[in-house]
Amino acid sequence: MKCVRSALYVLAHLIVAMSLTLLTLSITNHFNSAMAFIDHDMSKTLMAVLSLSVLIESVFFIPKFVSDRQLLLSLPTVAAALVSVLLICLLLTDLSDRSLILFTKQFARVVVGISAASSFFSAVTIICCMRRMSKKIYERSRSKKGETV
């Protein structure tokens, strides 16, 4: 269980890095659309990896938030998961028909920006919750040993 928790913690930090990178590309693409940063294959790969990572995190944390009755904390994660599903659908559509030049259209660019922002907020929420969980586990172990915290 400790390995899974550590892997999810690392994954949350990777999601922060990927979402900030994608958000930077999205903002840069907004001001300089001729460069087509979002329509590049490397950007699409980053979008796919980010979306899959967010979905993996969501599978583990949405049930945790619901069982702990922390519904407000689950909202960023749920939103990020839904937007990630939409982004994966756009990526699959673009993969099946390259002639659409889908990521040059305004709708797709907005979805990419929203996906990056929601993924960032979701990952930050998860990191904060995991730190609180770790602190509680540490305090419980200290109190079992009879030490004062």
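Guide: A residue counts as buried under 20% relative accessible area, as exposed over 50%, and as partly exposed in between. Keep that scale in mind. The model here is predicted.

Visitor: How many helices and strands are there in the protein?

Guide: Four helices and zero strands. Along the sequence the pattern reads α-α-α-α. The C-alpha trace spans about 65 × 25 × 25 Å along its principal axes.

Visitor: What share of the residues is buried?

Guide: Of the 149 residues in the protein, 34% are buried. Take Ala-116, a residue of helix H4. Ala-116 counts as buried because its relative accessible area is 0%. Ser-19 is 97 residues away from Ala-116 in sequence, yet their C-alpha atoms are 4.6 Å apart.

Visitor: Let us turn to charges. How many salt bridges does the structure hold?

Guide: The general idea first. Side chains of opposite charge can pair when their charged atoms come close. This structure holds five salt bridges. One of them joins the side chains of Asp-39 and Lys-44, at 3.3 Å from N to O.

Visitor: Are Asp-39 and Lys-44 buried or partly exposed?

Guide: Asp-39 has a relative accessible area of 22%, so Asp-39 is partly exposed. Lys-44 has 10%, so Lys-44 is buried.

Visitor: Which side chain meets Asp-41 in a salt bridge?

Guide: That of Arg-98, at 3.5 Å from N to O. Asp-41 sits in helix H2, while Arg-98 sits in the loop between helix H3 (71-96) and H4, so this pair ties together parts that are 57 residues apart in sequence.

Visitor: How does the accessibility scale apply to Asp-41?

Guide: Asp-41 is at 46% relative accessibility, so it counts as partly exposed. Arg-98 is also at 46% and therefore partly exposed.

Visitor: Where does Asp-94 come in?

Guide: Asp-94 forms a salt bridge with Arg-98, with the closest N and O atoms 3.8 Å apart. Asp-94 counts as buried because its relative accessibility is 3%. Now assemble the picture. A network of salt bridges links Asp-39, Asp-41, Lys-44, Asp-94 and Arg-98.

Visitor: Next, aromatic rings. What describes a pair of them?

Guide: The distance of the centres and the angle of the planes. Two aromatic pairs occur in this structure.

Visitor: Now the surface. Which residues make the nonpolar patch?

Guide: Met-1, Val-4, Ile-56, Val-59 and Phe-60 make it, with an area of about 530 Å². H2 gives the largest share, three residues. Phe-60 belongs to helix H2. Phe-60 is partly exposed because its relative accessible area is 43%.

Visitor: Which residues form the positive surface patch?

Guide: Arg-132, Lys-136, Arg-140 and Lys-144. Arg-140 lies in helix H4 (residues 106-144).

Definitions and conventions: Residues are numbered from 1 along each chain as its sequence is written. This is a predicted model: local features need pLDDT of at least 70, side-chain atom pairs count only at pLDDT 80 or more; totals for chains, interfaces and linings use all residues. Side-chain values use heavy atoms; hydrogens and water are left out. Patches are made of residues with over 30% relative accessible area and no salt bridge: like charges are joined within 9 Å, nonpolar side chains (Val, Leu, Ile, Met, Phe, Trp, Tyr) within 5 Å. Accessible areas come from the Shrake-Rupley method with a 1.4 Å probe; for residues, only the protein chains shown count as cover. A salt bridge is a side-chain nitrogen of Lys or Arg within 4 Å of a carboxyl oxygen of Asp or Glu. Lys and Arg count as positive and Asp and Glu as negative; His and the chain ends are not counted. The place of a charge is taken as NZ of Lys, CZ of Arg, CG of Asp or CD of Glu. Helices (H or I, at least four residues) and strands (E, at least two) are DSSP runs, numbered from the N terminus. Rings of Phe, Tyr and Trp (its six-membered ring) pair if their centres lie within 6.5 Å; planes under 30 degrees apart count as stacked, over 60 as edge-to-face and the rest as tilted. Buried means under 20% relative accessible area, exposed over 50%, partly exposed in between (1.4 Å probe, protein chains only).
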